[in-house]
Amino acid sequence: MSVAQYIDDLLGGAKADLFVDGTWRGASSGRRFVVADPATGEPLTQVADGDASDGSAALTAADRAQESWAEVAPRARAILLVAAFDLVHENTNGFARLITAEMGKARGEVAYGAEFLRWFAEEAVRIDGRTGTLPSGRLHMLVNRRPVGPCLLITPWNFPLAMATRKIAPALAAGCTAVVKPAELTPLTTLALAKIFEEVGLPPGVLNVVTTADPATATGHLLADPRLRKLSFTGSTPVGKRLLASAADGVLRCSMELGGSAPFVVFDDADLDAAVEGAIAAKTRNIGEACTAANRFLVQTSIREKFVERFAASMDALVLGPGTDAGTDLGPLIDERSRRRVHGLVADAVADGARLVVGGELPDGPGYFYPPTVLDGVGADSRVVTEEIFGPVAPVQSFVDEDDAARLANSTPYGLAAYVYTRDLDRTLRFVPRLQFGMVGVNTGVVSDPAAPFGGVKESGLGREGGREGIDEYLEHQYVGIAR
């Protein structure tokens, strides 16, 4: 079966249309745009190219469904989410094939993405409030937690299933309706997820998906619509700042999961083998195209040479190739623009005096592949450490002591994730609180989990996704004072 046929089969004949008010429909303009395979550069299929009228129709449907969805019993909302979880699992191979086709990686994301559906199904029935007599004794206090209202959920291209479920699941669990705008590079997985929700019986209008090649036109105007009450965005910090400014006029509730520049700190007492293994995981997860990916490797001077030697050997052993090929460790970057940018960062670092240990050469053949690359002796002002790389490139710097490590780690406007390797518990308890990051992995290269709060500080964003905290982003408090 061809990839195009496979896509049509998974979408159940929806033909990659918009999903608005429970129906599949083409864009009002009749336009479509191409989604390509990053492993070959070849087109996969065409998707409906929604415009402003389509975005407005989606918000109208969400607003119309809001009151009735909020009144649905929490257990009933949970049952629908569990049914969606089960159906995604039943279609693991299909989702894996779809994610690989449009984003370039394999099946690992499916289980992770599906788990948000199950986690927030469990949280739906645990939305609580509080009650009690006020200290004055004059009033009885009742505090209810209510859904915020219709939400605009804007997802990125790098985790097309997990970033959708991480927003959709808590919104629906809380009793909110939603308009989802997936990234134009990877819209197919979100459409397949909408098809899942349709099959499990989600009421019309509760979930709407608008695909578009022009996000500002299709959904940007919704931020000024008083019916919209919540914006959740995952993407770059510059775009997030513009969205926050636009959301200010309507005083929208906002969740922002933005850029990162994660330091990976290795102290001289660390288990070096474990540190190298964790470094590989932290750098190459999702081909390095993750906001939590290690962006800078800070290694204590006394062990830097040993670490670089072992790390470079492990990076060099990774196999590049399409996600459909057995034995492939790393797939392609998302597009040629991204590959040129990553290669430019490497070239600039070498020109500034960094030593290219492995990688750094553009491979022949089709697709947007880039080799695992290690740079040693990188300057503090090099673009490869001051900018988010979003690719399998690892710049190594050295530090002298804890003060030096903390200074280098925090020398960024970002504050999403950090990683620390040490076998000294006292050092862990002393050093980690100095790190200005929302998430810290100690002796592990992967911290993301649906049951844990995900989010950053400084220019890495606002709010949290996942964990018990994730559903709070979609709830507001209502205080009721009752005369005694």
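Predicted model: local features only at pLDDT ≥ 70, side-chain atom pairs only at ≥ 80, totals over all residues.
User: How many aromatic pairs does a search of the whole structure find?

Analyst: The search returns 10 aromatic pairs. In one of them, the ring centres of Phe-267 and Phe-431 are 5.1 Å apart and the planes stand at 90°, so this pair is edge-to-face.

User: Where in the chain do Phe-267 and Phe-431 lie?

Analyst: They belong to distant parts of the chain, 164 residues apart. Phe-267 is in the loop between β12 (262-266) and α10 (272-284), while Phe-431 is in helix α15 (residues 425-431).

User: Is Phe-431 buried or exposed?

Analyst: Phe-431 has a relative accessibility of 1% and therefore counts as buried.

User: Which residues form one aromatic cluster with Phe-307 and Phe-311?

Analyst: The cluster also contains Phe-264, Phe-297, Tyr-419 and Tyr-421.

User: Which ring face does Arg-166 lie over?

Analyst: Arg-166 lies over the face of Phe-454, at 4.0 Å from the ring centre. In another such arrangement, Lys-230 lies over the face of Tyr-474, at 4.9 Å from the ring centre.

User: Changing topic: which residues touch the most other members in the largest nonpolar core?

Analyst: That core has 69 residues, and those touching the most other members are Leu-81, Val-88, Leu-117, Ile-168, Leu-172, Phe-197 and Leu-202. Leaving aside neighbours within four places in sequence, Leu-202 is in contact with Trp-69, Leu-80, Leu-172, Phe-197 and Leu-207. A second, separate core of 32 residues includes Val-276, Cys-291, Phe-297 and Ile-303. Phe-297 is also a member of the aromatic cluster.

User: Now the open sheet of three strands. What is the strand order?

Analyst: The order is β5-β6-β22, with antiparallel pairing. β5 (130-133) and β22 (475-483) are at the edges with a single partner strand each, so one side of each has no neighbour in the sheet. Neighbouring strands are turned by 20° against each other on average, direction ignored.

User: How many bridges join β6 and β22?

Analyst: Strand β6 (residues 139-147) pairs with β22 over nine bridges, in the antiparallel sense. Opposite Arg-146 stands Glu-476 in β22.

Note on methods:
Residues numbered from 1 in each chain as written. Heavy atoms only, no water. Phe/Tyr/Trp six-rings, centres within 6.5 Å; stacked < 30°, edge-to-face > 60°. Helix = DSSP H or I, 4+ residues; strand = E, 2+ residues; numbered from the N terminus. Buried < 20%, exposed > 50% of the residue type's maximum accessible area, 1.4 Å probe, protein only. Lys NZ or Arg CZ within 6 Å of the ring centre and 35° of its normal. Core = buried A, V, L, I, M, F, W, Y, C linked by side-chain atoms within 4.5 Å. Contact = heavy atoms within 4.5 Å. Pairing = 2+ DSSP bridges. Axes fitted to C-alpha atoms, helices over the stretch in contact; angles between N-to-C directions.
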